[in-house]
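Please look over the sequence and structure before reading on.

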Amino acid sequence: NVRGADKVTFSVHCHNDLGLAVANSIAAVRGGARQVECTINGIGERAGNASLEEIVMLLATRGDAVGGLHTGVVTTELARTSRLVSRLTGYLIQPNKAVVGRNAFAHESGIHQDGVLKERTTFEIMDATTVGLEANQSVLGQHSGRHALRQALEELGCRAEGQGLNA
């Protein structure tokens, strides 16, 4: 309902006080905003702002849900940029941070490891390389299964089958 709306760029600027900055930013984009004010790692006043890497990857993986919108961001630089900002600001990246946290592409659960080894997209909607990481990772732990153990052993040049995986 804005007169001359075709000559105006609507922008959105959300704070993350309730953990909804990215969701609210995307809602604004769906409503016509074409500029999102956001920050690397979501840093900002109080609880922070909308996270650039989350918005960019949402548009890259689910852009069809917002009318095919996209950004010009080089996604393979996201992880590196995130770590640079963390080093420069002194704000640590929480391990479970979406997109760039060290656990974002790590799997310990046997069912997840098995699924990812068989077909990565079973448990990952984006490939780790699309954000600039080398690969996802299986973390061997108490929840790991035989498939991940066999894979890890093979990467070390060892072969184990059947009962050898139970020892």
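The model is predicted, so local features need pLDDT of at least 70 and side-chain atom pairs pLDDT 80 or more, while totals for chains, interfaces and linings use all residues. Residues are numbered from 1 along each chain as its sequence is written, and side-chain values use heavy atoms, without hydrogens and water.

**Pockets**

- A pocket is an open set of points on a 1 Å grid over the protein atoms alone where a 1.4 Å probe fits, with protein on both sides within 12 Å along at least five of seven lines; lining residues have an atom within 4 Å of a point.
- The largest pocket has a volume of about 340 Å³.
- Its lining has 19 residues, with N16, N41, G42, Q94 and K97 nearest the centre.
- The second largest pocket has a volume of about 260 Å³.
- It is lined by 15 residues, and E54, A98, V99, I125 and M126 are the closest to its centre.
- Helix 2 (residues 52-62) gives the most to this second lining, with five residues.

**Helix 1 and helix 2**

- Helices are DSSP runs (H or I, at least four residues), numbered from the N terminus.
- Helix 1 (residues 21-30) packs against helix 2 at an angle of about 50°, with the axes 10 Å apart.
- V22, S25 and I26 of helix 1 make the contact with E54, I55, L58 and L59 of helix 2 (heavy atoms within 4.5 Å).

Key:
Grid points are joined across faces, edges and corners, and a volume is the space filled by probe spheres set on the points. Helices (H or I, at least four residues) and strands (E, at least two) are DSSP runs, numbered from the N terminus. Axes are lines fitted to C-alpha atoms, for helices over the stretch in contact, and angles run from 0 to 180 degrees between N-to-C directions.
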